[in-house]
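Subject: Structure handover

Hello,

Here is the structure for you to look over. My notes on what was found in it follow below.

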Amino acid sequence: MFDRAYRQRLEADLTRWEADGVITPASLTAIRAALPPLAPGINIAVVVAIVGGLLIAAAFLAFVAAHWIELARLLRLAMLLAGVLIAHGLGAWFARAGQPVLADLCASVGAIIFGAAIALVGQMYHLGGDFAGGMLLWAIGALAAAALTGSRGTLAVALTAATIWSWMRTFEIEVPHFAFAAFWLFAGGLALAWNSRVAAHLVAVAAFPWWIASSLHPHLHFRPSFMLANGAALLFGGGLALAALAWERAARAGSVLSNYGALALAGAAILEAVMANEVFRSHTGLANQPLWIISCGVAGMIFAVAVAATARRIGTAFAAGAIGLVLAAAAAWTPQQSSEPWLAYAALLCAMLCLVVSGMLDAARPRIVAGWLGIAGVIAAITWAVKGSLLNRSIFLAAAGIVAVALALILNRFVPRARE
């Protein structure tokens, strides 16, 4: 969809440039010849076909559910197997007919039917109650189908099933469920192999539930905001490192991952500001936090600093500053304190400002949006803190505003001279 909109704008620009004499007709022809062909879009016929297919599938499921108990077990198994085969068979037919959207939909339906078959077989034969194990089997089967068919929808089904499996295992064991990382990395490898931004978005989004579940683990003694800040730092820094690589596929995937990492960093900053109040503070110090959590944040910081140093990107340097300030604030708030954490509040506001500046310098709009959202959230959290003096908070916000205005005046004076 985004490639099609870009090509439409490019075609309009090329036509205007040719009319203005900026480019010659020969150059226009060469540019058009160099552009790769667009994938077929979704027209009205495809939309109607999708709706019809969904209605037929719903009718089939309703009919089977109404007569499920009356059917023999072998007939039930045959129907489930037939559903999987028919879905993938139709997907292959649509792929040959040049309808990739319908082919992807059929493959996704086949993966969903496979998951339903696992649950129904377990119900029919009274198998063990390890529901999480069933979700893992579903996730592995869907991931294998995605690898064979190249279906983005099937990859989404696989990541959803794996996320549910990880959440269930997280609250069964006394440590975070690290096995999900292997599944996630394999899915990331598929996204790189396909060179697909859609798959990269799916993989990036799938990282969020794991970090959230791990931060809510009842057996670990730390605030959720501390772990989420370190996880966001790793996603953001790792994404920046991938985006700086010369390999185009890794750069595209890294750009997507860094955008989600910036949003996660802003969310962690807001959560830190909310939980900075004395009511939420942890009684454990930084030395008592798991080493692997701290290592994740340090690794993200190292990635960002390395990219800024090697590529000499000032925007990435500001991004590294945002990561460092958020991590510093998270570490400063870990011990129990009786006074308001004004220094940490200031660090968070500076971090979100660095995020906005970084996005402006690197022309990364999601980073700009994340920074502004972070600034708004942190200010709201400071203003409406559960405990503490409202007068002191107003004085702090006023002082921060005065410093920001003074900084703006200084920049407004010197930046135009630098441009001249």
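Ala332 counts as partly exposed because its relative accessibility is 36%; buried means under 20% relative accessible area, exposed over 50%, and partly exposed in between (1.4 Å probe, protein chains only). This residue is found in helix α13 (residues 314-332). Its C-alpha lies 6.9 Å from that of Ala344, twelve residues away in sequence. Helices here are DSSP runs of H or I with at least four residues, numbered from the N terminus.

Some background before the rest. This is a predicted model, in which local features need pLDDT of at least 70 and side-chain atom pairs count only at pLDDT 80 or more, while totals for chains, interfaces and linings use all residues. Residues are numbered from 1 along each chain as its sequence is written, and side-chain values use heavy atoms, with hydrogens and water left out.

Confidence: pLDDT is the predictor's confidence in each residue, from 0 to 100. The protein averages 79, and 79% of the residues score at least 70. Helix α8 (residues 179-194) has the highest mean, 91, and helix α16 (residues 390-419) the lowest, 67. Over residues 416-420 the pLDDT is below 50, and this stretch has one contact (heavy atoms within 4.5 Å) beyond near neighbours in sequence. Where pLDDT is low, the predicted coordinates should not be read in detail.

Core: the largest nonpolar core has 76 residues. Such a core is a set of buried Ala, Val, Leu, Ile, Met, Phe, Trp, Tyr and Cys residues joined through side-chain atoms within 4.5 Å. Helix α11 (residues 248-275) supplies the largest share, eleven residues. Met352 is among the residues with the most contacts inside the core, as are Val326 and Val378. Leaving out residues up to four places away in sequence, Met352 touches residues including Leu265, Ala269, Val326, Ile375 and Val378.

Helix α7 (residues 152-170): its 19 residues should span 27 Å, taking 1.5 Å times one less than the number of residues. The end C-alpha atoms are 26 Å apart, which agrees. At the start of α7, a side-chain oxygen of Ser151 comes within 3.4 Å of the backbone nitrogen of Gly153. Arg169, also in α7, is buried, with a relative accessible area of 19%. Its contacts, apart from neighbours within four places in sequence, are Asp130, Ala132, Gly133 and His177.

Cysteines: the structure holds zero disulfides (pairs of cysteine sulfur atoms within 2.5 Å). Cys106 counts as buried at 11% relative accessibility, and Cys296 counts as buried at 14%.

Regards

How values were computed:
Helix = DSSP H or I, 4+ residues; strand = E, 2+ residues; numbered from the N terminus. Polar contact = N/O pair within 3.5 Å; in protein donor to acceptor, adjacent residues only side chain to side chain.
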